[in-house]
Amino acid sequence: MKLVLAIVQDKDADSLAKEFIQNDVRATKLATSGGFLRAGNTTFIVGIEDDRVNEVLEIIKKSSHTREQYVSNMNMDAAGTSMLGKPVQVTVGGATVFVLPVEEFKQF
């Protein structure tokens with residue numbers, strides 16, 4: 001058995017949850033935030049049999065999309081005054097996934 005932790009953008013969370021339901025994958029959904037943009041994320045926790053891990057990874061890959069976004073970068077001069085810099089384009093989204101071995105699983 002494996003534990004899959006998948007962190008996706010909030011924009012992709014609903015479609016991923018629906019895909020999990022359609023494919024009989026049980027998942028716990030947590031609202032999280034983080035990353036350098038401090039954007040809203042959703043973390044899915046999935047306990048799954050070893051032979052279904054690749055299936056779960058494919059579902060996550062299919063449902064999680066990268067996007068281009070502009071962010072303003074802050075510049076600070078020697079006096080400590082911050083100035084708003086020129087917006088920069090960055091790629092955000094996709095999924096960050098951890099697959100961990102499960103030593104023991106109990107359901108009460």
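Reader: Which residues of α2 are buried?

Author: They are Val53, Val56, Ile59, Ile60 and Ser63. Here, buried means under 20% relative accessible area, exposed over 50%, and partly exposed in between, with a 1.4 Å probe and protein chains only. Before we go on, a word on what you are looking at: this is a predicted model, in which local features need pLDDT of at least 70 and side-chain atom pairs count only at pLDDT 80 or more, while totals for chains, interfaces and linings use all residues. Residues are numbered from 1 along each chain as its sequence is written, and side-chain values use heavy atoms, leaving out hydrogens and water.

Reader: How many helices and strands does the protein have?

Author: There are 2 helices and 6 strands, and along the sequence they follow the pattern β-α-β-β-α-β-β-β. Helices (H or I, at least four residues) and strands (E, at least two) are DSSP runs, numbered from the N terminus. Of the 108 residues in the protein, buried ones make up 27%.

Reader: Which residues of the largest nonpolar core touch the most other members?

Author: A nonpolar core is a set of buried Ala, Val, Leu, Ile, Met, Phe, Trp, Tyr and Cys residues joined through side-chain atoms within 4.5 Å. The largest one here has 15 residues, and Leu16, Phe20, Phe44, Val56 and Ile60 touch the most other members. At least two residues of this core come from each of β1 (2–9), α1 (10–22), β3 (39–48) and α2. Contact means heavy atoms within 4.5 Å.

Reader: How many aromatic pairs does a search of the whole structure find?

Author: The search finds 1. Rings of Phe, Tyr and Trp (its six-membered ring) pair if their centres lie within 6.5 Å; planes under 30 degrees apart count as stacked, over 60 as edge-to-face and the rest as tilted. The ring centres of phenylalanine 20 and phenylalanine 44 are 5.6 Å apart with planes at 80°, so this pair is edge-to-face. Phenylalanine 20 lies in helix α1 and phenylalanine 44 in strand β3, so the pair ties together parts that are 24 residues apart in sequence. Both phenylalanine 20 and phenylalanine 44 are buried.

Reader: What does threonine 42 do with its side chain?

Author: A polar contact is a pair of N or O atoms within 3.5 Å; within protein, one must be able to donate a hydrogen and the other to accept it, and residues adjacent in sequence count only if both atoms are side-chain atoms. The side chain of threonine 42 makes such a contact with the side chain of aspartate 10, at 2.8 Å. Threonine 42 is in strand β3 and is buried, at a relative accessible area of 5%.

Reader: And serine 64: is it buried or exposed?

Author: Serine 64 is buried, with a relative accessible area of 11%. You can find it in the loop between α2 (53–63) and β4 (66–76). Its side chain reaches the backbone oxygen of isoleucine 60 at 2.9 Å. Leaving out residues up to four places away in sequence, serine 64 touches Val8, Asp12, Gly94 and Ala95.

Reader: What is the phi of aspartate 24?

Author: Most residues other than glycine have a negative phi, and most peptide bonds are trans. Phi of aspartate 24 is near 55°, a positive value in a residue other than glycine. Aspartate 24 lies in the loop between α1 and β2 (28–34), and at 57% relative accessibility it counts as exposed.
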